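Have the viewer open as you read.

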Amino acid sequence: MIYGAILGDIIGSVRELHNEKSEDFILFPRESHFTDDSVMTIAIADKLVHDDKALCNNRKAYAMWYRQYYRRYPNAGYGQMFSEWAREDGFSIQRSYGNGAAMRVTALGYACKDLQSLWKEVDDSCYYTHNHREARNGAKAIATAVFLANKQEDKEAIRNFIERKFKYVFQPLDEIRDAYVFNSRTSYTAPLALEAFFESSSYETAIRKAISIGGDSDTIACMTGGIAEAYYREIPEKIMMDGSRYIDVGFRNVINDFMEKYG
Ligand SMILES: [Mg+2]
């Protein structure tokens, strides 16, 4: 649980600036590192384990957990808009349509009992930072894919459901790849992360396909990785082993607690 998203982020980290555009590459070059995608994914997981609901309303609670993790890991490569918001004194409402909301929702797909409560949680998780229809829609689409994958729905059913519910149009990666350029808008990344999963046959092929698109690679691979792990149920041991040296100890503790509560 959740490791799939974190490892996707780490594998994508060095490709964000040096796009790969192929499925054949070394998974963990030495400069690999976790980025904001991992930090915020863990922030949500930690909230779902430790949040005391009595303290404040749920939307504000998400915002506070994001800020706490931002302060703990200030140099993880956040977007400028998010960084400015995280350093504010008050809690203003940002209307970003960036993929920052969709990149962090993996844990919600495991923790929520049904789709209605999942979508409500995703809305709350978006309220202060991504109060924009496009960002909310993408975050729900990714979280829904994790939820259905974890329930072992088949890929075709997941694809049809997401097409209908979120009005996403999926196109084969081979038709997109050559002309695709960097864009961190939700609608330019979340559908492609899903398509990489739909075309995959294992966790590893899912990640390789996600990276092969180019663009915002750490975020795309983080989203694909979260879904793929939920669906395939395992990450190859070699990838876990090679990737584990880049995973922060603090992350590991949160994931352990999360698995204990929701596993
Ligand atoms: Mg990142």
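## A lysine on the outside

Leaving out residues up to four places away in sequence, Lys53 touches Lys47 and Asn58, where contact means heavy atoms within 4.5 Å. Lys53 sits in the loop between α2 and α3 (58-72); helices here are DSSP runs of H or I with at least four residues, and strands are E runs of at least two, numbered from the N terminus. Lys53 counts as exposed because its relative accessibility is 58%; the cut-offs are over 50% for exposed, under 20% for buried and partly exposed in between, using a 1.4 Å probe and protein chains only. Lys53 and Asn19 are 34 residues apart in sequence and 42 Å apart in space, C-alpha to C-alpha.

A word on ground rules: this is a predicted model, so local features need pLDDT of at least 70 and side-chain atom pairs count only at pLDDT 80 or more, while totals for chains, interfaces and linings use all residues. Numbering runs from 1 along each chain as its sequence is written, and side-chain values use heavy atoms, with hydrogens and water left out.

## The magnesium site

Which residues coordinate the magnesium ion? They are tabulated here, with donors taken as N, O and S atoms within 2.8 Å of the metal (3.2 Å for Na, K and Ca); water is not among the atoms, so sites may look incomplete.

| Residue | Donor atom | Range for the site |
|---|---|---|
| Thr35 | OG1 | 2.1 to 2.4 Å |
| Asp36 | OD | 2.1 to 2.4 Å |
| Asp37 | OD | 2.1 to 2.4 Å |
| Asp218 | OD | 2.1 to 2.4 Å |

Along the chain, the donors follow the spacing T-D-D-x180-D. Asp36 and Asp37 are both buried.

Beyond neighbours within four places in sequence, Leu194 is in contact with Ala141, Ile142, Ala145, Ile162, Tyr168, Phe170 and Ile227.

Helix α1 (residues 3-13) is mostly covered, with eleven of its eleven residues buried. The elements covering the buried residues of α1 include α2, α5 (106-111), α11 (203-212), α12, α13 (237-244) and α14 (249-262).
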